[in-house]
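Please look at the structure shown here together with its sequence, and keep both at hand while reading. The paragraphs that follow lead through selected loops, helices and cores.

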Amino acid sequence: MNIVDDKRLLEFNTTLLFSIKEEKDKWWRRISQEAAFQPFLNEIRDEGERLLPERDPELSFSLFKVFFETGFRLEYERIYFEKRKRLNTFAIMVLLEPQNLDYLTALENTIWSICNEYSWCLPAHLQNCPETSIQASYTLHEDFVQQYSIDLFAAETAFSLAEILKLTGDCLNPLICKRISEEIFKRILHPFMDNQFGWETQTHNWAAVCAGSIGSAALHLINDAGELAKLLERVLPAMDSYLKGFNEDGICLEGYGYWQYGFGYYVYFADLLKKRTGGKLDLFDSEKVHQIALFQQRCFLSRNLVVNFSDAQPTASVFLGLSHYLSKIYPDFHVPEQDLRAKYTVDHCSRWAPAIRNLLWFDETISPAPWKSGTFHSEESAWFISRHQSEFGDFSFAAKGGHNDEPHNHNDIGHFILQGNNEVFLKDLGAGLYTKDYFNDKRYTYLCNGSQGHSVPIINNQFQKDGPDRFARIRNASLEEEVDNFELDIANAYEVDGLQRLSRKFTWIKRNKPKLILEDFYTFTKQPDSIIERFIIPSLSITKDSKGVVLEGKHRLRILYDKEKLRLAERILEFENHFGKTENNMALDFIVMNPEKECSVKLVFQFE
């Protein structure tokens, strides 16, 4: 359907948020009194009280140049996102307490400060860009136009300011309103229409977040149907590119956090577009989008633990607003328990769109439920996830094949996670601290990204290689009531001279206290120098006995192995996580004492 040829699609007489000021004011008065909303609102009020006396932070040149001089991002980004938190908080407090002029003043000052920023992009995204190029020439020619880059956060800022203008514009100073529109058109909408950006054809979260934010800002601010149609004709192909990054199974290879981020912005834009076109343009009417929506309920292992392959966090909270919205579109969408909801302060990037929709889309009449038992296997993405519940608690196992050129890739073919009663025993380190080197040719020297930081073999002292030609083949996958099997050929992940075959077989026995049997089968053309079966665990108490080794935290997991074939070595691994904090984890290295051309290794992981 061509929007430009049929501009009537955009002339549907509807509103995107509230139809009239009276409706908006009534809604905010109602939720300020309703008990179901108070946990949400109290968190925002607490932030408002904390932030109001503080001075407006500024993004100095000293902060701006830190990334280019050191490669570190946190110094600048901490202040950048604190300003966005002030923007969100003061805007919501103005809506909750319109009589409190202190919040209105604070909101106007924060908006003014953001509009004064040199760039809305992060410095880490401004390499080789107009804003950081010193090879500039200046002219008085009337065609001279300042160039602006658009990254995730520049686009998000435009969406945030446009929506805040729509919600609070009736009480903002007219000059602030003018400034918002002027900066969005100058920094985002005009550059988008005048240039092509690489993220438009990307198949990951950038396409959805950037295009979705730009499209949403345009839906709020552009009144002329013809102009809006031209812009949306650029946005929609980028949203299609985002969807191409998924297989038909809907698995987000970037991990749950990036599903929440990228797919969230897909949903926010799709909702506004559907309203503006009276339902004639419905980006939810797709089985692939339906399957992507179901990823949330498939990737949780137990309570707040998630399958955190790739650059993902091991625990997560859910956006209840997003979940309630999707449950009204897809009947099989599972609404999780409310105590898993993301608190207002949990998003360190302080994103407006999910924060406001956690209020606007929250429906206290929807009944939540705990995660259910079940096994999900995808042949396309080669993920295997099983949740098992018994009288002894909740247990889960997840493993992956795939390839080593995935979005936010880790070299982790054959890797797995094992948890019992909300305690992870075999873990994925997840995302490390983002720096310049994290995204260049040094990426796989980082423990969390290379196979050395995953529960996979080390063969002849060599780790897995990266690249699209490093992929697994599924040899078998069977799902039964009491036993699941998942077998992969992972030899292709390695570049080891003489390695012909490496088959990794998982047998997941779902009894009251389940156990996982892992078997690796090797074939070489010549005798290997060494084989190490590495397993990544948290810092747990380790006890050795005649049967094997026991890992103990709040609960216990026994690892059974043949001590005549394997020798155990323990290594402490220091890991700088995504938030810059050092974690102590461990590697259990089971060393094959006499590796042969044809050999196998078997370990049993038994919950006690």
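His-408 is placed in the loop between strand S6 (403-404) and strand S7 (416-420), where strands (E, at least two residues) and helices (H or I, at least four residues) are DSSP runs, numbered from the N terminus. The model is a predicted one, in which local features need pLDDT of at least 70 and side-chain atom pairs count only at pLDDT 80 or more, whereas totals for chains, interfaces and linings use all residues. Residues are numbered from 1 along each chain as its sequence is written, and side-chain values use heavy atoms, with hydrogens and water left out.

The phi angle of His-408 is near 50°, a positive value in a residue other than glycine. At 18% relative accessibility His-408 counts as buried, because buried means under 20% relative accessible area, with exposed meaning over 50% and partly exposed in between (1.4 Å probe, protein chains only). A positive phi, near 55°, is also found for Asn-421, again a residue other than glycine. Asn-421 sits in the loop between S7 and strand S8 (423-426), and at 28% relative accessibility it counts as partly exposed.

The backbone oxygen of His-408 is reached by the side chain of Ser-310 at 2.5 Å, a polar contact in the sense of a pair of N or O atoms within 3.5 Å, where within protein one must be able to donate a hydrogen and the other to accept it, and residues adjacent in sequence count only if both atoms are side-chain atoms. Ser-310 itself belongs to the loop between strand S2 (305-306) and helix H14 (320-329), and its relative accessibility of 4% makes it buried. Leaving aside neighbours within four places in sequence, Ser-310 is in contact (heavy atoms within 4.5 Å) with residues including Leu-253, Glu-254, Pro-407, His-408 and Asp-428.

Another buried serine, Ser-381, has a relative accessible area of 4% and lies in the loop between strand S3 (374-378) and strand S4 (383-390). Beyond four places in sequence, Ser-381 is in contact with Asn-247, Asp-249, Ile-251, Leu-253 and Gly-402.

In helix H13 (residues 295-299) lies Cys-299, which is buried with a relative accessible area of 0%. With neighbours within four places in sequence set aside, Cys-299 is in contact with Tyr-256, Leu-305, Val-306, Val-307 and Ile-385. Cys-299 and Arg-387 are 88 residues apart in sequence, and 9.8 Å apart in space from C-alpha to C-alpha.

What are the residues with the most contacts inside the largest nonpolar core? They are Trp-28, Phe-263, Tyr-266 and Leu-326, in a core of 151 residues, where a nonpolar core is a set of buried Ala, Val, Leu, Ile, Met, Phe, Trp, Tyr and Cys residues joined through side-chain atoms within 4.5 Å. Helix H11 (residues 256-276) gives the most to this core, with 13 residues. Apart from this core lies another, of 47 residues, among them Phe-384, Phe-425, Leu-540 and Leu-568.

Finally, helix H7 (residues 152-168) and helix H15 (residues 352-360) pack with their axes 9 Å apart and at an angle of about 40°. That angle makes H7 oblique to H15, since angles under 35 degrees count as roughly parallel, over 145 as roughly antiparallel, 65 to 115 as roughly perpendicular and the rest as oblique. Phe-159, Ser-160, Glu-163, Ile-164 and Leu-167 in H7 meet Trp-352, Ala-353, Ile-356 and Arg-357 in H15.

Definitions and conventions: Axes fitted to C-alpha atoms, helices over the stretch in contact; angles between N-to-C directions.
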